[in-house]
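Subject: Structure handover

Hello,

Here is the structure I said I would pass on.

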Amino acid sequence: MSGSAPIIASTHPNDGLLRADRFPHILCPGCGIGTVIHCYVDAMAASGLALSDHACVSGIGCSGRAAGYVNVDSYHTTHGRALPFALGIAVYKPGMRVTVISGDGDLAAIGGNHLIHAARRNVDLTVICINNFNYGMTGGQAGPTSPRGSVASTAPEGVHDRPFVLPDLVRAAGASMVSRWTVLHVRQLRDAILRGMQKRGFCFIEALSPCPTNFGRANDLGDGMAEMEVYRERCELADGTPGYDALDIDLTDHTRPILVGDFLDIERTPYQPVGEHTA
Amino acid sequence: MTAQAAGQERVLTGTHFMLGDHACAEGALAAGLDFFGGYPITPSTEIAERLARRLPRVGGKFVQMEDELGSAVAIIGASAAGARSFTATSGPGFSLMMESIGLAAMMEIPIVIVDVQRASPSTGLPTMVGQSDALQARWGSHGDYGVAAYSPASPQECFDLTLLAFDVADRYRIPVLLMMDEVVAHMTERVVIPAADAIQRGQRPRPDHAPGATRHLPYAVGDTLVPPMAHAGEGYCVHMTGLTHDERGYPALNEATHNQLVNRLVDKVRLNAGEIERYEEYALEDAETVVVAFGCTSRSAREAVKRGRAAGRKCGLLRLVSLWPFPEARLRGLLERGRVQRFLVPEVNLGQMRREVERLTQLPVLRLNHAGGAMPTPEDILAVIP
Amino acid sequence: MSEGRREVRIGGFGGQGIVLAGTLLGKAASLYDGKEAVFTQSYGPEARGGASRADVIIDDEPVDYPYVTRPDVVAVLFQEAYLKFAGDLRPGGLLIIEPDLVTPESGVHALALPATRIADELGRRVVANVVLLGCLVRHAGLVSRDAAEQAIRETVKPATVDLNLEAFAAGFAHDAGAVSEAAG
């Protein structure tokens, strides 16, 4: 990111929620992660809770850097381990609202076991999975959500593997709330995050995001704006709780809708091991 | 339940005939354990089972995790929020926890991990003894970092050293490893547990200013090399990362910061070794043969030395209570006296701690090794003492 | 080993309560008789099916090597345990057998204690292990009767203390004349 853009405002309403001294950030132009971070801090502000009641935990990858930009207790952990780290905080301090922001590779590949078990237990966490269909930070390798046929540096002839459809996976594993939006749907995304913060239990929000530098370029999706255009044209609000096939994504097949929406929001007893924190 | 009643239930003050694994669990409770995240694995499972019953009743949280990867990270997360937290495992699980030992060291979040060693590598002999994770405890995670590791030789020490492990972890903000072995874990002996108010608990260094008053720098250090620790939820808005970071906790991806940080992580332990290390001596005064042993093996070694002495052999025992830091200064002190002519290092591995002794002396270092499944008998050791 | 070191091995199959018998013996010595004791038992696959063991070492000094190698006392509650463990007995040591479940080779000297029958007479077969303990305490002389009874009171569920003390007393009192001549 070049630091030469003219300054058009000296403050931003979310300044207090962001670590301004960490800017400029490391994210590429057209990347959707910054949008997700904004939706998160907007939701935090709307939650009405003190900043000290929030914690943010990330894993590794571009999305894993999210925790580093928000001005709350924030932990940038090891690859795949954001969820168990967050569990430790949430279980020990049940009053805190712990949000995990991480990527598809981090949460669903190396951290996949933690994902299904955290959902199974219904741990009181809000999880924002920024799905950009590849490992962006390391140069665009295929990941567990890369659509079949998409090109990646480790799948030069196209991805053969069947991808995870994360909302379907997490719903089946036992979550209380499951949504999918894109970084185009900033209000819906913010609202879903806020509902997750207000709800007790495992709340999972998939945020589809462009990665123009890697996935977008390799798959002829154009720049970030062009991928946003794909979202605008093809996203449809799902009716009810769609399954795997309906939610499966093919960014190159222009006839297929990309289903978004709030797919699940039910009351399930949140995880809380017996024993009261007395310290 | 009144606070006093809760305290009484937490610390099982009195004299017990207790299993080593259970004594470890009781040591953790007495140390103020708040959070246990673990995955059952032989021969450590009795620790988890006892805590599953005991910990929730005294206000702590017991979580059975999905694997050891998650267990080790969950206790780091809980510790970041202020909990005294630990997990217990054995070789295969210990291997999976290595990445998190590095994370805890790098973030400087205190944790205690118990490894009840069994015969290894891989699945090995799950129910039988080993001492072959000794070097893994020191070097197992990638990179340079500092840890402490203690090796109990009795159920009483399983209690005492678990207590100590929490103190050292908190005081220096390091991972502390309790390197038990199957023999000690599955042995029942007398265990004396002191009164709750007689237990001294080491404290984490904590910020000396209120949140918000001045900016809290999570990794700013003074002379002790240990930065004060603010916990999640206290309002200090800390950032912690496994990346190389500056005193704000922010990523600082350059070699100068890295060199300074990693040296400090190692120096916290190296420069405080005198405080952290533990050893016990027996009949060393005029010893020409010094047996260096730890854990279950040190029990046979003591018996062998007693019998050797009775037979007129000038032998003594240096028992490693801490494997790491290795009691280097003490060993050098013995060498300076000039009486020692040789060392003997019996261990249930193929020579891991012997390397440490060899590193410090030109004298002959005799070996007595077994790959695992059985501990040496006193006769085995006596046969090697000249 | 220390001259005061005495090794005891109790062998049986799962459900016979040998672990409790061994624990009570060790606890009596260690907590109530001012001695040192180590208890170990079969573990893992070794403890499943077949003969499992409960080992106690009692000494006046701290016990270093924690395993039984040459027991001074072997008590066995079924045939496989007899075959597996009786041969380890130190010459002149004490062998106690459950005669309804163990048939020793001819010429072997053993105390025969029908622990199961005695327990049945008390109405609860599960206390055969404590009947055995009573016999062992009396004939091996390693711990005092008071210490053993204290260990029982402090270990078993409160509701079963009386039953277990009764079982212990029955084993302790079992007429020496009814058992065959002990070895040595």
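**Helix H1 of chain A**

The buried residues of H1(A) pack against strand E1 (54-58), strand E3 (97-103), strand E4 (125-131), helix H6 (186-198) and strand E8 (202-208) of chain A. The model is a predicted one, in which local features need pLDDT of at least 70 and side-chain atom pairs count only at pLDDT 80 or more, while totals for chains, interfaces and linings use all residues. Residues are numbered from 1 along each chain as its sequence is written, and chains are lettered from A and ligands numbered from 1 in the order in which they are written.

A few terms first. Helices (H or I, at least four residues) and strands (E, at least two) are DSSP runs, numbered from the N terminus. A residue is buried if 20 or more other C-beta atoms lie within 10 Å of its own, exposed if 12 or fewer, and partly exposed in between, with C-beta atoms placed from the backbone. Two residues are in contact if their C-beta atoms, placed in that way, lie within 7 Å.

The buried residues of H1(A) include A:Ile33, A:Val36, A:Tyr40 and A:Met44. Just after H1(A) comes A:Gly48, with a positive phi of about 75°.

**B:Met353**

This residue sits in helix H13 (residues 352-360) of chain B. B:Met353 is buried, because 22 other C-beta atoms lie within 10 Å. Neighbours within four places in sequence aside, its contacts are B:Ala134, B:Val292, B:Phe294, B:Leu320, B:Leu323, B:Val345 and B:Glu347. B:Leu135 is 218 residues from B:Met353 in sequence, yet their C-alpha atoms are 7.5 Å apart in space.

**Chain C**

Chain C has 6 helices and 6 strands. Read from the N terminus, its elements run β-α-β-β-β-α-β-β-α-α-α-α. Its C-alpha trace spans about 40 × 40 × 35 Å along the principal axes. Of its 184 residues, 52% are buried. Among its contacts between residues at least 6 apart in sequence, 61% join residues at least 24 apart.

Where does chain C touch chain B? In all, 15 residues of chain C are in contact with 17 residues of chain B. On the chain C side, helix H1 (18-32) and strand E2 (36-41) are the elements that give two or more residues. H1(C) gives the most, with 5 residues.

Regards
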